[in-house]
Amino acid sequence: MILILDFGSQYTQLIARRIREAQVYCEIYPGTKNINEIAHIKDVKGIILSGGHASVYEKEAPWPCDDVWKTGVPILGICYGMQLIAENFGGKVHPSKNREFGFADITVKGKNLLFDGLDKKMPVWMSHGDKLSKIPKGFINIASSKNCPRAAIVDAKNNIYGVQFHPEVKHSPFGKKILDNFLFKICKLKKDWTMKSYIKDEIGRIKKQVGNSKVLCALSGGVDSSVAAIMLYRAIGKKLVCVYVDHGLQKLGETERVKKVFGPKFGKNLIIVDAKKIFLNKLKGVTDPELKRKIIGHTFIEVFDREAKKLKGIDFLLQGTIYPDVIESATHGAGVTIKSHHNVGGLPEKMKMKLVEPLKSLFKDEVRILGRELKVPAEIINRQPFPGPGLAVRTLGEITEEKLRIVKEADAIVDEEIRKAGLYEKIWQSFAVILPVKTVGVMGDKRTYEYVIVVRAVNSEDAMTADWVKLPYDILGRISSRIINEVRGANRVVYDISQKPPSTIEWE
Ligand code: XMP
């Protein structure tokens, strides 16, 4: 595998994606991690030092542990990573007069494995404020741009390479070839990480881990828990027990969908718990968004716990944790709580079960590829993200049975029209929100006084930022008139045209 040490670049996950696309397994760790603590360090055949926003000459700059330089495996430093290499081996890095952001043309000098098979001149993506002012001893300069005379360096004897630009971003059109050269020509790796091999290895690992015990799964019907459940079923069959908590905050028809998709396979090992009344009671009178989220999280654990206690001989809990949730990062984390996200994260500690996490090393799109490989139905795999607390965060103000019915019916119309228009899989999320205000309308000859529905459709790469979708007017018009005509209790529809940030995707 390739070890990626993260020094805080916004592109670190992209490096990992590119490497996995090249069918090589890789893992990301904080840049300062003691690499001797990494369990499979012996399998590391190459190390990539990521970019980052610090400057190597600053006192607080993050630095890799000394042993990184002693492993003997090839190293590639990208941007800040190259500057670390330079400083470490006696070169010099200085702030440059002209910061360089955007496209630059580099010219490659001489022959070397990193640029093997590429033209002498190529465009690359630069993003740096510092540059190399002195190349360390033992290294040579192998590329330059107008603003950056030392754009790539190599110590060919020790297989240590550095590039000032970002080969991992799409804006470096030959970046993939450069990374491939590093993987296959320099590290001499093989393309052996495919979903088929992942399934085979992972099933073997799960069988070994679980033995004859039973595994409990909190199935939500979302992509991750569904793919995780099917994966486990492949590995251990009837020893998997799935509990689906029907809290009444799901999309219209969700419980029936879960029964239809998983019922035939899991049989009586699919337990559906009707907890609608419990959740509604606990949420009675609650309007504060954070309190709603907390109540839902706790109630979920309570209900799930009660069900689990009824079952005997269960030692493991299945979790659909995915890789972005587990990447220990030196720079991410420790943020301000904007919304406390509710997943099943609180369960294990309370329930004293060991964890099975078959998706722990996969990115979201890899989970979808895995799902397809496992023949999980497309209606599940291609679903848009749906928040853990469900429609509670789309029912503003107090959650009542009436408001829930209205938002569910409106949401189903949005869903249907967006699908009909062929946009469902092109849009990150599209849904309805109900506001806690009523407005006056007229229907037939009668005055109406009913709720307002908001339609929201956003595009996003990673949910960190999002933009509203410029939906065609005729689709918006159809959604609006259908909601007003078909949903009892709603007489006005508005479209949300706010970006994230400063707004968020969900309304609460
Ligand atoms: P926001 O509203 O923070 O949402 O812009 C970002 C993304 O996260 C989803 N979301 C959640 N997902 N549990 C989840 O699993 C949650 O509590 C939760 N809250 C928001 C939201 O749908 C969007 O995709």
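This report goes through the domains, the cysteines and one threonine of a predicted model.

## Ground rules

Since the model is predicted, local features need pLDDT of at least 70 and side-chain atom pairs count only at pLDDT 80 or more, while totals for chains, interfaces and linings use all residues. Numbering runs from 1 along each chain as its sequence is written, and side-chain values use heavy atoms, with hydrogens and water left out.

## Domains

The protein chain is split into domain 1 (2-186), domain 2 (195-381) and domain 3 (400-495), with bounds that come from an automatic or database domain assignment. Taken over C-alpha atoms, the centres of domain 1 and domain 3 sit 47 Å apart.

## Cysteines

Count disulfides (pairs of cysteine sulfur atoms within 2.5 Å) and you get 0. For Cys79, the nearest cysteine sulfur belongs to Cys148, 9.1 Å away. Cys242 has its closest cysteine sulfur in Cys217, but at 3.9 Å that's too far for a bond.

Buried here means under 20% relative accessible area, exposed over 50%, and partly exposed in between, using a 1.4 Å probe and protein chains only. Cys79 is buried at 5%, and Cys242 is buried at 0%.

## Thr448

Thr448 lies in strand 16 (residues 446-459); strands are DSSP runs of E, at least two residues, numbered from the N terminus. With a relative accessible area of 11%, Thr448 is buried.

Its side chain makes a polar contact with the side chain of Asn491 at 3.0 Å. A polar contact is a pair of N or O atoms within 3.5 Å; within protein, one must be able to donate a hydrogen and the other to accept it, and residues adjacent in sequence count only if both atoms are side-chain atoms. Setting aside neighbours within four places in sequence, Thr448 is in contact (heavy atoms within 4.5 Å) with Thr439, Val440, Gly441, Val442, Met443 and Asn491.

Notes
Helix = DSSP H or I, 4+ residues; strand = E, 2+ residues; numbered from the N terminus.
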